[in-house]
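Subject: Structure for you to look at

Hello,

Here is the structure I said I would pass on. Please open it and keep it beside this email while you read.

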Amino acid sequence: MSDFQSEASAAGSAASLRTYKEAADWINGLIPFGIRPGLERMKLLMERMGHPERRLRFIHVAGTNGKGSTCAYLTSVLMACGYDVGTFTSPYITKFTNRFQYNGEDIPEETLLELANMLKPHVEELAATELGSPTMFEVSTAIAILYFAKKTFPDYVVWETGLGGRMDVTNIVAPAISLITNVGHDHMDILGDTIEAVAREKAGIIKPGVPVVSTAAQPEVIQILKEKAADSKSTLYQLGEQFHYDTLSVQEELQSFSFHGPFRSIELLEITLSGVHQQTNAALAVMALEVLRQYNALILEDEDLIRGLRAAAWPGRLEMVSHKPRILLDGAHNPEGAAALASTLKTTYTYNRAHVLMGMLENKNHRETLRHILPIADTLIVTEPDFRKRMSAESLASIAAELASELGLKVNVIVEPDWRKALDQLEQTIEDGDLGVVTGTLYLISDARSKLLHIMDSEKGW
């Protein structure tokens, strides 16, 4: 069933979804099927749709932290160069349609509805087999492929993994280049209980003969990437070896660096995303674009590169959403993200006292995340995100109090399970010269951002 009309006809034969809300509810209704690593269901879906993924040119991005920012840099620069760009990312901060973008614009609601109806009968038929129902993430990934292959026809698709890489459903594609941001302590319940095990999963996006660019830092991780690249006969461009960058200046909303790669050096590049770690993400994107320029005839003019990097934005990551009172949002939900947040607060921002509002999911590394957060917090307000896997505020506060005592820190820990009341309390606590920080799971960031920015049609999810 490979052509568009027969797919639409098949869709019409099942009970059709009538509205965008029905489509989004149907897709999110697949969440109880959980996260089931493996590509069997995805391969069958793509076969039924006529393998639309084979018509697209992908830039595949994996890693523990920094994937979204790296995707933002790639998308912004490619658009500045005049290319049409599809972008698929997760989770979303404001609305389900954020995940599927063409030239920076969300998929239209009516298009998502049409594609959901196209997929629905195939999903239901698969659900009746021994493979079971495709998951929410599998269906979302399939919708992204259909949107780009049948509706928008971008020159490049910036393609973010969900979890891991090797068995992640996004790994159905054959990319033009693969990127690995870093490897850290996240999703270890699924990907493996050591950094080496997680690294092997991330390295699974490396494909035979396809170049790979990495900013991983640990020697044991780099060694695994080198071995996988060698086995795949892929060229690895590793930060600190084949390319590097030098920091020139760091300010709150502007930082500059120079880039030095195997093909050329660029003496001045600027980004507006905060945090020194964003220079690493930007350098990763630049190196990937340089490889595509060298070997895939990508047209990349210096002025477009400079303009695209400066224009890149990524909500919910070191985002100053309010100046009176001063409130910064940052989705630091694992130890590596928390370390980057703490480092940025020390090196980039000036303030008298920092008041932190935090909520986490129950399957995260709370203790090691708090180890970075507590030293920067004068006040820690612990709350609960509006999500089914939330960790109780009491449990998180207990860990925080115990760890603060161990570290000899005096932190005022306040427990307020209702995130709305907790956010109000944060706003009331911030005095002139202070800084408020909302951090932890992106589900909390999403809600807090919508409330602070008065976004009325907010949704949120994975």
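This is a predicted model: local features need pLDDT of at least 70, side-chain atom pairs count only at pLDDT 80 or more; totals for chains, interfaces and linings use all residues.

Strands of a sheet are held together through backbone hydrogen bonds, in either a parallel or an antiparallel arrangement. An antiparallel example here is β2 (residues 85–88) with β3 (residues 100–102), joined over three bridges. To find this pair on screen, look for T87, whose bridge partner in β3 is Q101.

The six-stranded sheet

A second open sheet is built from six strands in the order β12-β13-β17-β14-β15-β16, and its pairing is mixed too. Here β12 (319–323) and β16 (412–418) are the edge strands, pairing on one side only. On average, and ignoring direction, neighbouring strands of this sheet are turned by 20 degrees against each other.

Strands β14 (residues 354–359) and β15 (residues 379–384) run parallel and are joined by four bridges. L357 has I381 in β15 as its bridge partner. Helix α14 (residues 393–407) packs on this sheet and touches β14, β15 and β16, its direction making about 150 degrees with that of β15. Helix α15 (residues 419–429) also packs on the sheet, where it touches β13 (326–330), β14, β15, β16 and β17 (435–440). The direction of α15 makes about 145 degrees with that of β16.

Helices

- Helix α2 (residues 20–28) packs against helix α6 (residues 136–152) at an angle of about 135 degrees, with the axes 8 Å apart. That angle makes α2 oblique to α6. From α2, the residues W26, I27 and N28 meet M136, V139, S140 and I143 of α6. This contact has five nonpolar, two polar and no charged residues.
- Helix α12 (residues 335–347) packs against helix α13 (residues 366–373) at about 5 degrees, with the axes 8 Å apart. The two are therefore roughly parallel, since angles under 35 degrees count as such. On the α12 side the contact is made by P335, A338, A339, L341 and A342, and on the α13 side by E368, T369, H372 and I373. These residues divide into six nonpolar, two polar and one charged.

Backbone details

Most peptide bonds are trans, and most residues other than glycine have a negative phi. Which peptide bond is cis? The bond from K324 to P325 is cis, with omega near -5 degrees. P325 sits in the loop between β12 and β13. As for phi, F153 has a positive value of about 55 degrees although it is not a glycine. F153 lies in the loop between α6 and β5 (156–160).

Regards

How values were computed
Residues are numbered from 1 along each chain as its sequence is written. Side-chain values use heavy atoms; hydrogens and water are left out. Two strands pair if DSSP finds at least two bridges between them. Axes are lines fitted to C-alpha atoms, for helices over the stretch in contact, and angles run from 0 to 180 degrees between N-to-C directions. Angles under 35 degrees count as roughly parallel, over 145 as roughly antiparallel, 65 to 115 as roughly perpendicular and the rest as oblique. Contact means heavy atoms within 4.5 Å. Ala, Val, Leu, Ile, Met, Phe, Trp, Tyr, Cys and Pro count as nonpolar, Asp, Glu, Lys and Arg as charged, and the others, Gly among them, as polar.
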